[in-house]
Amino acid sequence: MDTPLEIPALTDAEELTCDVLVIGGGTAGTMAALTAAEHGADVLLLEKAHVRHSGALAMGMDGVNNAVIPGRAEPDDYVAEITRANDGIVDQSTVRQTAVRGFDMVRRLESYGVKFEKDEHGAYAVRQVHRSGSYVLPMPEGKDVKKVLYRQLRRREMRERIRIENRVMPVRVLTAGGRAVGAAGFHTRTGAFVVVRAGAVILATGAAGRLGLPASGYLYGTYENPTNAGDGYAMAYHAGAELTGIECFQINPLIKDYNGPACAYVANPFGGYQVNRHGERFVDSDYWSGQMMAEFAAEVASDRGPVYLKLSHLPEESLTALESILHSTERPTRGTFHAGRGHDYRTHDVEMHISEIGLCGGHSASGVRVDAHARTTVPRLYAAGDLACVPHNYMIGAFVFGDLAGADAAQYTPYEGELPSAQLREAHELIYRPLRNPDGPPQPQVEYKLRRFVNDYVAPPKSGARLSLALEAFERMRADVAAMGARTPHELMRCAEVSFIRDCAEMAARASLARTESRWGLYHERLDHPGRDDASWFHHLDLRKSPSGAMEFTARPVAPYLVPVDGFAPTGGPSRHLGEVHPEDVATAGSREVAPLLESATVPPPVAEAEAPASPRLLELLALTEEEPELAVLTPYLNDPEPAVRRTAVAVLTETAPPGTGPALAATLADDDASVRAAAAASLRELAETLTPDPVLRDRLVAALSEADPVARAVALDLLRGLRAGDADLFAASLTDADIAVRIAAVRALVSVDAAEELARAARTEPSREVRVAIAKGLAGTGPGTDPEVLRAALAHLIADPDALVRGAAYEALGATGCPAPLAGRAAAALTDSAWQVRAGAATALSAADPAVAVPALARALADPNADVRKAAVLALTRHRAGEDVREALTRATADSDADVRAYATRAL
Ligand SMILES: Cc1cc2nc3c(=O)[nH]c(=O)nc-3n(C[C@H](O)[C@H](O)[C@H](O)COP(=O)(O)OP(=O)(O)OC[C@H]3O[C@@H](n4cnc5c(N)ncnc54)[C@H](O)[C@@H]3O)c2cc1C
């Protein structure tokens with residue numbers, strides 16, 4: 001476009017009114033909107049992208065990182081864990097909300113149709129990823145979460161209460177009389193000025209993800225969703241709210257050269273882990289923390305680097321399962337990336353690196369200060385999700401705090417006074433200034449330069465000198481930011497984001513300068529103040545904009561704990577007002593007024609999307625999505641001659657889920673076209689939690705067991721199992737299916753009905769290695785009523801299997817079912833097997849054997865050349881911990897070369 005957009009007059013603003021304004025339609029924002037509406041409020045949800053696929057959840061949710069599931073974890077243990085991971089600096093009243101309410105939130109999400117992994121008996125399949133606590137609840141189909149939430153928002157009752165405005169981006173929260181009264185922003189497609197009058201405002205704009213520049217140099221190649229540019233941090237700051245822990249950065253492990261997390265949380269339960277180039281585990285930290293990142297960064301930088309996610313030792317079936325999660329749920333480009341390098345998990349471990357820095361409450365602890373109801377220090381202004389300082393809150397915490405904010409904010413009705421004209425003028429100027437100077441420096445260049453300074457001067461390890469240079473650069477860059485040019489509404493959005501990034505960069509540098517100690521490992525490592533200084537700094541560091549406009553700081557003592565934690569003792573006392581933090585004098589050889597060399601921008605040109613001609617039937621269908629069509633309206637499309645139309649009809653059906661959806665999808669499993677059948681299978685899995693086991697659905701699923709397509713047969717078995725609509729006879733019939741995936745689905749289904757006899761029979765006849773492994777694992781998972789003799793006889797057969805993986809899995813199962821003589825003797829002998837998987841399984845079996853046989857054998861296994869065998873031996877010895885011989889063996893293991901072996905031995909003693 002050559003002619004720049006015209007600047008709309010202030011008086012031309014479109015004014016919207018609501019009880020509750022939610023800014024940001026991601027994880028926390030959608031939940032806040034739903035809850036506020038359920039409490040009777042009229043809600044306005046403003047999203048700068050499109051709610052259907054915006055935010056961190058849009059792709060890549062492979063599990064709940066912090067689920068406190070009754071029977072698997074205790075809320076108080078979780079609170080203690082997070083307190084330790086944050087070196088004691090937490091407001092436990094906020095963390096406890098997530099601990100206590102997280103499980104109800106999982107159930108609520110499930111009622112919406114979000115799928116969490118469950119075992120054959122319908123119990124949540126929580127995994128232990130770190131050495132302490134079992135909090136990871138996998139979501140192998142987590143790519144659908146945003147779609148499910150959007151379906152909730154579009155339900156008729158919610159539509160009456162929630163108005164969604166996509167592509168509208170607030171830039172400032174409006175305040176009057178010391179409280180939040182609305183917001184000012186603009187439409188990122190039309191450029192219109194938008195003003196909102198509200199009873200309360202909930203900020204849910206996510207992390208400040210575009211702070212540091214990724215190693216790739218790409219502006220948007222960030223760990224975080226790149227539309228989260230720190231907008232909420234800046235808006236809260238300018239509204240007068242306190243921010244806290246801003247010096248505690250977010251830094252994460254990443255795949256080298258690829259914009260995506262390495263996903264140890266996904267890989268660990270399958271047996272993957274991080275190693276240095278010698279194949280040694282090196283992480284001593286017990287939970288995700290800045291300390292862990294410090295160990296990671298040190299290893300990468302050492303002669304032992306680089307660091308890898310080790311997967312190549314895993315069996316084919318684990319790798320296939322991992323690929324299906326990492327290359328679809330996590331990121332579809334990931335498989336292409338590895339393939340482009342000629343790498344495969346079977347032959348190459350995945351080189352890892354560390355991410356750029358960001359601000360994030362959800363992964364770290366840098367955010368807006370909130371209380372246990374998501375209230376900020378500005379009345380009627382709330383913050384939830386990654387933006388709020390509730391350490392390690394992740395996805396489930398974002399939902400919990402969105403819910404808390406929505407419930408509390410729903411009590412308010414719209415502000416009736418005059419909206420603050422000076423603030424409106426300031427917001428208008430911030431938005432439209434670049435249009436007055438269309439040929440000014442373009443946003444990519446200014447942003448690149450700004451973020452280079454962040455990398456050079458603010459990223460850890462930090463020093464007073466570098467942070468001072470950073471402040472000087474960020475002050476100087478106020479002028480560059482003010483001079484940026486734009487011509488289109490889209491460019492205006494990018495320019496406003498750069499102003500937020502500059503604000504966040506200044507906050508990050510000043511807060512880092514203010515805390516004159518080192519804490520949180522790499523997140524706040526000060527070279528000039530090494531070591532933790534609890535005497536002066538067992539405090540939160542709060543930051544706010546003073547009435548004069550300066551950035552000022554207060555050190556606030558940590559509140560007394562609700563859950564005591566060894567090694568940390570909040571002493572209370574008064575806050576210390578620190579005032580403004582000024583840069584140090586940095587000695588230089590020449591003038592510091594010389595601008596740094598201008599880096600050339602390396603932003604790649606946008607790739608035009610290939611436009612496929614859209615059939616009119618497809619367009620009709622897509623339009624129907626917004627109208628919540630009944631099944632009868634969609635049925636003709638499900639029977640359309642064109643497979644593309646039928647496929648899209650399945651998608652619309654899944655998105656809107658009218659009554660009768662389950663049977664309709666089950667019938668579609670018999671479609672002539674494989675892609676339509678695959679879509680129906682995926683949809684059935686997506687909706688599984690919301691389907692009721694009515695007879696029609698059951699009959700159609702049973703009919704699908706005879707379909708030629710194994711995809712249809714496998715999904716039918718999984719659904720029948722999940723709906724508890726099948727029995728041992730029905731499931732056992734599929735044990736002779738020609739397809740391995742179907743037989744594995746049959747094994748899982750048989751486990752769900754405790755059909756040990758059928759499994760035991762199959763153990764003797766099953767030809768495929770993968771299925772025999774599943775049977776071995778499944779036998780250990782049958783219910784307490786199972787005859788132990790049947791289990792042991794079947795496992796005794798499997799430990800003589802020709803395949804090492806089957807033998808390993810069978811021994812491991814004996815660790816759960818009990819390992820009496822003579823099996824214990826065979827397990828002890830198997831500790832000399834040539835396959836490490838068998839030795840590791842045998843060590844696990846011995847955890848449930850007579851100590852007289854087990855302990856001497858396990859003590860010898862501590863000298864095994866394979867670290868996983870030694871780790872299994874330590875864990876097994878932990879279960880025999882009473883004897884002195886066990887203590888001696890474990891004490892020796894505390895000096896092991898492998899970090900896991902050392903740590904588990906230390907914990908056991
Ligand atoms: C790569 C990655 C992987 C992750 N994996 C997991 C995992 O497996 N398990 C887990 O528990 N957690 C995971 N997390 C963390 C989890 O996703 C986040 O903690 C959570 O989704 C944060 O929710 P939020 O609402 O704060 O932010 P988001 O969901 O990102 O929502 C923020 C929204 O605000 C919008 N927005 C921003 N600025 C404005 C503005 N000015 N105006 C209007 N709208 C605006 C954005 O477009 C976005 O839609 C992961 C995070 C990332 C980045």
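Modeller: Happy to! Let's start with helix H25, residues 740–752: its 13 residues should span 18 Å at 1.5 Å a residue, and its end C-alpha atoms are 19 Å apart, which agrees. Helices here are DSSP runs of H or I with at least four residues, strands are runs of E with at least two, and both are numbered from the N terminus. The expected span is 1.5 Å times one less than the number of residues. Residue numbers count from 1 along each chain as its sequence is written. Please keep in mind that this is a predicted model: local features need pLDDT of at least 70, side-chain atom pairs count only at pLDDT 80 or more, and totals for chains, interfaces and linings use all residues.

Ten of its 13 residues are buried, so the helix is largely enclosed by the rest of the structure. A residue is buried if 20 or more other C-beta atoms lie within 10 Å of its own, exposed if 12 or fewer, and partly exposed in between, with C-beta atoms placed from the backbone. The buried residues of H25 include Val742, Ile744, Leu750 and Val751, and also Arg743 and Ser752. They pack against helices H23 (710–722), H24 (728–732), H26 (756–765) and H27 (769–781), where contact means C-beta atoms, placed from the backbone, within 7 Å. After H25 comes aspartate 754, which has a positive phi, near 55°.

Spanning residues 867–878, H33 has twelve residues and reaches 16 Å from first to last C-alpha, close to the 16 Å expected. Eleven of those twelve are buried, so H33 is largely enclosed by the rest of the structure. Among the buried ones are Asp868, Arg870 and Lys871, along with Val869 and Leu875. Their cover includes helices H31 (836–846), H32 (851–861), H34 (884–893) and H35 (899–908).

Proline 802 sits in the loop between helix H28 (788–798) and helix H29 (804–817). It counts as exposed because it has 7 C-beta neighbours inside 10 Å. Arginine 769 is 33 residues from proline 802 in sequence, and their C-alpha atoms are 9.5 Å apart in space. Glycine 230 lies in another loop, between strand E8 (193–203) and helix H6 (231–238). This glycine 230 is buried, because 29 other C-beta atoms lie within 10 Å. Its C-alpha is 8.0 Å from that of leucine 211, 19 residues away along the chain. Setting aside neighbours within four places in sequence, the contacts of glycine 230 include Ala208, Leu211, Phe500 and Cys504.

Finally, let's turn to the largest nonpolar core. A nonpolar core is a set of buried Ala, Val, Leu, Ile, Met, Phe, Trp, Tyr and Cys residues joined through C-beta atoms within 7 Å. The largest one holds 303 residues, and those touching the most other members are Val20, Leu21, Ile202, Ala384, Ala827 and Leu846. Helix H15 (residues 489–514) gives the most to this core, with 15 residues. As for isoleucine 202, residues it touches include Val20, Leu21, Ala32, Tyr382 and Ala409, leaving out those up to four places away in sequence.

Conventions
Contact = placed C-beta atoms within 7 Å.
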